[in-house]
Structure formats: C-alpha cells, structure tokens
Protein chains: 2
Amino acid sequence: MLKINKKYDLSPAQLIVSFYIIAVIVSTCLLSLPITTQPGVQWSFVDVLFTAVSAVSVTGLTVVSTADTFSTPGTFILLFILQFGGIGIMTLGTFFWLIIGKKIGLRERRLIRTDQNQSNLSGLVSLMKQILVIILLIELVGTIILGTYFYYLDYFPTWQESYLQGLFASVSATTNAGFDITGSSLIPFAKDYFVQIINIILLTLGAIGFPVLIELKDFIKNKRSYGTQFTLYTKLTTITFFSLMVFGTLVILLFEANHFFEGKSWHESFFYAFFQSATTRNGGLATMDVSLFSTSTLLALCFLMFIGASPSSVGGGIRTTTLAVILLLVFSFAKGQKSIKVFKREIHEEDIRKSVVVSFLAVMICFIALVILNYVENFSLMEIMFEVSSAFGTTGLSMGITPELSTVGKLVIISLMFIGRIGILSFIFVFHQEKQELNYHYPKERLIVG
Amino acid sequence: MLKINKKYDLSPAQLIVSFYIIAVIVSTCLLSLPITTQPGVQWSFVDVLFTAVSAVSVTGLTVVSTADTFSTPGTFILLFILQFGGIGIMTLGTFFWLIIGKKIGLRERRLIRTDQNQSNLSGLVSLMKQILVIILLIELVGTIILGTYFYYLDYFPTWQESYLQGLFASVSATTNAGFDITGSSLIPFAKDYFVQIINIILLTLGAIGFPVLIELKDFIKNKRSYGTQFTLYTKLTTITFFSLMVFGTLVILLFEANHFFEGKSWHESFFYAFFQSATTRNGGLATMDVSLFSTSTLLALCFLMFIGASPSSVGGGIRTTTLAVILLLVFSFAKGQKSIKVFKREIHEEDIRKSVVVSFLAVMICFIALVILNYVENFSLMEIMFEVSSAFGTTGLSMGITPELSTVGKLVIISLMFIGRIGILSFIFVFHQEKQELNYHYPKERLIVG
Ligand SMILES: [K+]
Ligand SMILES: [K+]
C-alpha cells in the first residue's frame with residue numbers, strides 16, 4: 001500500500017476513492033460466488049454490482065429480494081460487506097496496521113482523516129480503535145436483546161434462527177444498512193413498539209457520528225464536563241440531528257392525519273411517524289410501504305434523506321453539519337453579522353465555503369440524475385425523486401421501483417450511492433487537490449446579486 | 001413620502017415593499033372597476049388580486065382569459081399596470097421627483113438603489129431617466145414593427161386593431177409580462193419566425209438588465225471601449241444570460257428529438273426550442289402548449305425559470321449573477337483558491353454571501369410552496385413544480401392548472417410572484433436592516449462538513 005502510494009503519489013482523496021472501488025470489486029466477486037445464492041438463482045452482472053455498491057455504501061436499495069436470493073453463507077457474506085462498509089474501510093485499515101504492529105505515519109493518518117472527515121489529526125489512531133470497539137459492542141448488545149426477544153416471543157421457531165435474525169437485524173440497523181432477511185423490512189413488526197425502539201436506538205447510534213459517541217463515552221466516564229468540553233461539532237450535529245427527527249415526526253403526523261393515519265390510534269400513528277422519521281435519517285428500514293404516504297409527506301421525506309446523517313457516521317447525504325452551517329449563515333446574514341457566531345465560537349470561513357460547495361453540488365448532481373432518470377424510465381416524477389434522494393442519502397427507502405429500473409437507471413443509482421457514501425468533498429479532491437493559494441490578488445469589484 | 005419616511009423611519013427595503021403593496025392595492029382597485037371587464041363578466045376577489053399581483057410583478061400567470069375578460073379600456077388599464085410593474089415603481093418615482101423639480105437626496109437614492117440592486121449610488125438619477133427613455137423607445141420601435149407587420153400580413157382586419165395588438169405585444173414582450181390578448185399567447189405565430197425573432201429581441205432587451213443596456217448604449221456611442229470599461233457585472237450577467245439561453249435550446253432539442261419534435265423539420269424544431277428557451281428566461285410567452293413536452297424537458301425549464309433573468313431587469317428568480325457567483329465559488333474552491341478571481345477582478349465576500357443566502361432561501365421557499373400546494377391541490381407533482389418555478393421566476397408559463405387552483409393555492413402563487421419580484425434580499429431586509437457588525441469575536445473552531 002505504501003509503495004503504491006509513494007510511487008504514484010496519490011492524494012488522500014484519490015486513495016479513499018481507490019479503496020472504495022477495490023471494496024466494490026471485491027464485494028462484487030464475493031457476491032458472484034455460487035455459494036452466495038440459493039440454488040437455481042441467476043442474477044445479471046449489473047444486479048450483482050448494484051447489490052455490492054448498495055452494501056458497501058450501506059444504502060440498502062435492493063434490485064433482488066435478499067430473503068429469496070441469498071443462501072445462509074451468502075447472508076454472512078452480505079453481513080460482512082455491510083460491516084466493512086458501515087464502519088468504513090479506513091477503520092478496518094487502521095485496525096489492520098495496528099494488528100501487524102506498524103506505527104501509523106502521517107500519510108496514513110491523513111488518509112483516515114479524509115474518510116472520516118476529521119479535522120484534527122492527533123488521536124486518530126486511538127479514535128479508530130475506539131470506533132471498532134464501540135460499534136462491535138453496540139451490535140453485540142443489539143443482537144442479544146433482539147435475538148432473545150425474537151426467541152421468547154416465538155417470532156422464529158428455533159433459537160438459532162432467532163439469534164441469526166437478531167444478529168442480522170442488529171448489524172443492519174447499527175450500520176444503517178437497511179437490508180433485511182425477513183423479505184419485508186420491519187413491516188412484520190409494525191405493531192411491536194419494543195423492536196422499533198431498539199431499532200431506532202441502534203440506527204441513531206450508527207448515524208449520529210462516531211466523534212459524538214466518543215465524546216459521550218468520555219463524558220459518561222467524567223473525563224469531560226458539559227459545556228466546556230463538548231466540541232462545537234458535537235453540539236451542532238446533535239442538535240441538528242434530533243431537530244430533524246422531531247421535525248420529520250411532526251410533519252408526517254400533520255400531512256397523514258387525514259390520510260394514512262385516518263382511523264388509526266394515536267400510538268399507532270405516532271410510532272409510524274416516529275419510526276419513519278428516524279429511518280429517513282439514514283436507516284432505510286420501514287414499518288410500512290412508504291408509497292402509501294401522500295405526495296407532501298414523500299417530498300418531506302426526500303428532504304430528510306437528502307440531508308442525511310451526521311458526518312463521520314455510517315450515513316450519506318449532505319450531512320447535518322452542512323445544513324446547520326448554511327442555516328446559521330442565513331441567520332447571521334439576516335442579522336447583519338459578517339461572521340457566524342454560535343455557542344461562543346466562530347465558524348471557520350473554510351468550513352462555510354465547504355458547506356456551500358457541498359450543498360450546491362449535491363443539488364446539481366441530484367437534479368441531473370433526476371432529469372436523466374425521467375428520460376430513461378417510465379415511472380412517476382415522485383417515484384424517481386424519492387429513489388434519487390434515497391440513493392444520494394444512502395438511505396435505501398424506495399417506493400418500489402428499484403428492481404424494475406433499466407440498466408442505465410441502475411447505473412445512475414449506483415453512481416449516486418457511491419458519491420453519497422464517499423462524500424462530495426472527497427469526490428472534488430479526487431480531481432483537484434487541496435492546495436495553498438498563490439499569493440496574488442486582483443482589485444475587488446462589487447456585483448449586483450439576487 | 002418624505003414625511004412618512006422621516007416619521008416612521010422605514011428602511012429602504014421596507015419602503016420598497018410598502019410601495020409594491022400599494023401598487024398591488026391600486027391595481028386591484030383599478031381592475032375591479034366596472035369598465036375594466038366585458039359586460040356580464042364576474043370575477044372573485046382572489047382572482048382580481050391574483051391578476052393584479054401577476055401584472056405588477058410582470059409574471060403573466062392568469063386565472064382568467066385576458067381576451068375574454070377585459071374590455072378595451074380594461075386592456076389599456078392592464079397595459080398601464082404592466083408598464084408600471086415592468087419599469088419598476090422606483091423608476092416612475094424618480095421620474096415623478098424629477099418632474100416636480102425636486103433634487104433627489106441621499107435617502108431617495110438609497111431607496112432606488114435597493115429596488116434596482118445597484119451598488120453604486122452616483123449617477124442613479126441619470127440612470128433612471130435613461131431607463132425610461134430606453135424602454136419607451138424599445139417599446140415604440142416594437143409597436144411600429146409588429147403593428148405594421150400584422151396589418152400588411154392581414155393578421156388583423158383593421159390598422160387600429162393591428163397596432164393595438166402590436167402595442168400590447170410590444171409592451172408585454174419588453175416588460176416580459178407575458179400577458180396576451182390573442183387568447184392563446186403566441187401559438188398563432190408558431191410558424192411565423194419573424195414575429196418570434198422580434199419577440200425574442202424585445203424579451204431579451206427587457207430581461208438582460210438595465211445597466212447592461214446603458215453600458216451598451218455608451219459603448220455604441222464610443223464612450224467606453226471593450227474590456228477596459230465594461231463592468232464585471234455586465235460581463236458576468238451577459239455571459240450567464242446567453243449561456244443559459246444556448247443551454248436551454250440544446251437541452252430542449254435533445255430531450256424532444258424523439259418526442260415532440262419527431263417528424264418536424266429542423267427549422268421548426270429549432271425555433272420551438274430557441275423561442276421556448278428565450279421565453280423561460282422571463283418572458284412567459286409561448287409558441288406551443290408546454291404540457292406537450294416530456295418530463296425531462298419540463299424539469300430543465302423549471303431550472304431555467306428558477307434562475308430567472310438578470311438583476312436590475314424586469315425579471316425574477318434568483319437572477320443570473322447569483323448563479324454565476326455560486327458556480328465561480330465551486331470552481332475556485334475545487335482549484336483551491338480562497339478568493340474568486342474572474343476577468344482580473346475579485347468578487348467581494350459580501351456578494352458571495354448574498355448569493356449563497358439568496359439561493360438557499362429561494363430553494364427553501366419554493367420547496368415549502370411545493371409541499372403546501374401538493375397538500376391542497378390535486379394536480380401532478382410536475383404540474384405543481386412547474387407552476388411554482390414559473391411564479392417564483394415571474395415567468396408566467398403554465399401547464400394549464402392556474403385557473404383551477406384552490407383559493408389557498410392561488411394565495412401561495414400570489415406570494416411567490418410577490419417575493420420573486422421584490423427579490424429575496426429586499427424581503428430579508430424588511431425584517432432586519434443591513435447594519436454594521438459589533439466589533440467582537442469568538443475563537444474560531446473547525447467543523448466536520450459534507
Ligand atoms: K441505509
Ligand atoms: K413574465
């Protein structure tokens with residue numbers, strides 16, 4: 001790895017993208033193995049590729065039914081790919097370096113940094129170790145709770161199947177992969193609020209961002225005290241994350257009150273709305289067929305999927321901090337302030353520029369994908385818009401059109417999932433490296449805008 | 001005016017908005033007069049209000065057929081409102097001050113400046129005089145050409161009707177109002193390329209921005225030489241304006257080649273595409289029923305309408321310079337430059353911030369309108385999205401749903417036309433004035449974005 005690195009002098013962003021491409025190729029090969037599928041199942045190359053990208057990017061959009069296609073060994077291979085994609089190739093890479101006892105140099109640290117978008121280089125190696133421990137611990141606890149619950153409530157006949165389902169559900173939820181081996185997502189659990197709450201907790205722990213988890217762990221261990229030690233990032237992303245979750249729940253309740261929720265009890269309506277709001281952050285699991293929602297609700301869900309999860313998490317989209325920075329920019333502009341002040345801190349100019357560039361390019365990319373898909377497919381605008389938002393946000397919800405997409409359509413969705421996962425910034429820096437500006441200036445001239 | 005001004009100390013933005021509100025009220029009263037409508041025509045208050053806002057904002061969306069509703073005096077009243085709206089209340093206001101011989105003070109100049117978004121205060125009074133002269137001159141030439149042409153080609157039986165139609169067409173095109181008294185826009189002229197070219201020229205002169213016209217006039221008079229004297233604004237807006245026009249033409253030709261243009265000659269296809277691209281900038285006239293286009297084309301038209309015309313023109317939308325600044329920001333970011341360099345000038349930080357805020361709020365406002373309209377109306381997502389873009393861009397094209405909107409739907413579209421016309425910046429500064437920042441700073445802290 002180092003040799004290739006030195007020889008061709010790839011930038012961190014180029015290396016990250018290369019690794020993701022390699023992960024997709026390896027996953028495609030693994031999924032093509034005869035033991036992966038059930039006897040008699042034949043699937044096309046583009047479907048295998050689609051499933052590989054969907055799994056590596058932990059999106060969860062599926063062109064084939066996981067329950068009907070995968071054998072038991074295939075299910076474990078899929079689990080492995082989800083785990084690999086969810087925790088991030090770089091985390092595993094770090095772990096690998098640690099295992100073989102190699103001290104990690106600056107170049108490898110920078111590599112990891114671009115993947116998890118961390119600004120601070122120090123402590124990254126220790127961070128990566130903590131990520132692995134925390135995620136595996138969360139998944140283990142999730143597996144035990146869900147498996148035991150499934151067995152004692154007779155959801156599945158044997159304890160083996162209960163714990164296998166529990167393991168798959170726990171990994172799929174924690175990595176926000178959204179794959180299911182029930183064949184119908186969490187719809188069988190539409191009235192089991194306990195399973196839903198456990199899933200929401202697991203989804204949230206995966207999507208809220210690793211740095212938040214680490215800071216929370218340190219806080220619980222009394223290493224930090226609130227207000228003085230939580231970083232600006234943690235405060236902003238957590239507030240945005242939960243605000244969006246509450247906003248989503250309220251909007252769904254409002255728009256569906258006289259529609260899907262008509263005649264349903266308050267707790268049934270609330271749990272449908274709450275679970276759906278939580279799962280659009282990035283999870284992609286569903287307790288209902290989303291195409292039953294009204295257009296207004298679907299548009300709101302598109303917005304939530306487009307925003308996506310927190311940075312440095314398993315999720316995609318433009319990320320919560322990007323939205324927060326843009327919103328703060330608008331407010332500070334309206335108040336006539338030249339800098340963004342929040343929590344007694346100022347946001348760096350560079351981060352504002354990044355947020356703007358990311359948002360603008362995201363809108364452009366999704367809009368172009370929307371236009372192309374409308375040209376090549378025969379589905380309604382709403383179905384296509386939902387699919388595009390879901391792929392870019394690596395959410396994995398669908399109104400049901402995924403298996404019927406044409407090959408061009410599948411390739412467009414594959415590209416969106418890929419870009420959504422590696423993030424737009426990495427995508428830019430593949431072509432142009434971050435570099436120092438040449439020290440020259442022209443006179444400034446005012447413009448008329450807006 | 002001055003007294004009210006001093007007494008209540010309204011900001012320029014607040015005054016502009018107040019004046020537009022007064023213009024809407026006066027127009028609503030004028031349109032409610034019995035002489036305005038043909039005998040026997042009854043229309044509801046919300047329809048009169050809708051028509052008034054549509055005319056003052058020179059949008060051209062209509063809930064009633066202008067040809068079937070308006071009497072001949074009513075047609076002249078409508079023309080007067082279009083003229084008033086198109087040239088801008090402030091231009092007429094300046095003219096009024098000039099006529100009564102009052103020297104214009106700084107406060108009035110600032111007032112005008114906000115309306116036309118001019119950064120440079122000096123020479124504004126002279127600019128306003130020039131605007132009026134130029135626009136009236138363009139309209140006069142347009143009337144003579146179109147009226148004479150209509151008469152000699154027997155489009156209309158008498159010379160009176162020919163010149164009335166010529167006058168209405170010329171004013172409607174130059175102010176980009178998009179109203180028509182033919183009852184079917186320019187569809188009767190779908191194969192008359194001469195009328196279309198004259199209309200495209202008039203539309204463009206109205207939508208390209210007054211400062212560009214002034215600089216062009218000075219250039220023709222040899223007062224300026226190219227490159228050294230054209231302002232950055234003129235270069236940027238002109239390039240963006242015509243690039244979008246070419247882009248629109250190509251996109252329509254591409255998407256409709258196997259659809260609407262199938263079996264049509266190359267010149268027919270070209271003129272349909274070219275006219276439609278030009279008219280989405282802001283004109284709102286149509287040589288065909290736009291609902292015949294495919295979804296991909298309609299989405300592209302939505303994008304063009306959302307961008308709209310140049311600032312300081314008769315048009316709406318986020319404006320061409322806003323798009324240009326955002327695009328330049330993305331390119332300079334990708335190249336690793338901290339400032340935006342273009343034409344050997346740097347773009348001011350403040351203008352970048354304005355562009356970002358305008359774009360973001362515009363997307364938000366249109367998205368919220370889209371969600372509300374989908375909730376209250378029963379039309380397809382595409383029809384509603386088209387209507388929203390058209391209203392915000394004050395373009396006035398429609399897939400035909402305008403007359404059938406509910407009262408709530410009409411009020412949403414009225415709000416969009418109003419905001420589209422006064423511009424988002426004025427709208428912000430109504431609530432918060434531009435002010436100097438207090439001179440304190442917090443430590444900067446880095447974030448993880450995108
Ligand atoms: K997902
Ligand atoms: K118009």
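Is A:Lys191 buried or exposed? In this predicted model, in which local features need pLDDT of at least 70, side-chain atom pairs count only at pLDDT 80 or more, and totals for chains, interfaces and linings use all residues, side-chain values use heavy atoms, with hydrogens and water left out. Residues are numbered from 1 along each chain as its sequence is written, while chains are lettered from A and ligands numbered from 1 in the order in which they are written.

A:Lys191 is exposed, with a relative accessible area of 62%; buried denotes under 20% relative accessible area, exposed over 50%, and partly exposed the range in between (1.4 Å probe, protein chains only). The residue A:Lys191 is placed in the loop between H9 and H10 of chain A, where helices (H or I, at least four residues) and strands (E, at least two) are DSSP runs numbered from the N terminus. When residues up to four places away in sequence are not counted, A:Lys191 touches A:Gln196 and A:Glu268, a contact being heavy atoms within 4.5 Å. The C-alpha atoms of A:Lys191 and A:Tyr272 are 9.1 Å apart in space, with the two residues 81 apart in sequence.

Chain A as a whole comprises 19 helices and three strands. Of its 450 residues, 61% count as buried. Among contacts in chain A with a separation of 6 or more, 71% come from residues 24 or more positions apart.

Donors are N, O and S atoms within 2.8 Å of the metal (3.2 Å for Na, K and Ca); water is not among the atoms, so sites may look incomplete. Four donors count as tetrahedral if all angles lie between 85 and 135 degrees; four count as square planar and six as octahedral if opposite donors are over 155 degrees apart and all others between 65 and 115; anything else is irregular.

In chain B, the potassium ion (ligand 2) has the O atoms of B:Val58, B:Thr59, B:Asn176, B:Asn282, B:Thr394 and B:Thr395 as protein donors, at 2.4 to 2.8 Å. The six donor atoms subtend angles of 65 to 144 degrees, which makes the arrangement irregular. B:Asn282 lies in helix H13 (residues 266-283) of chain B and B:Thr395 in the loop between helix H17 (381-392) and helix H18 (407-422), so the pair ties together parts that are 113 residues apart in sequence. Both B:Asn282 and B:Thr395 are buried.
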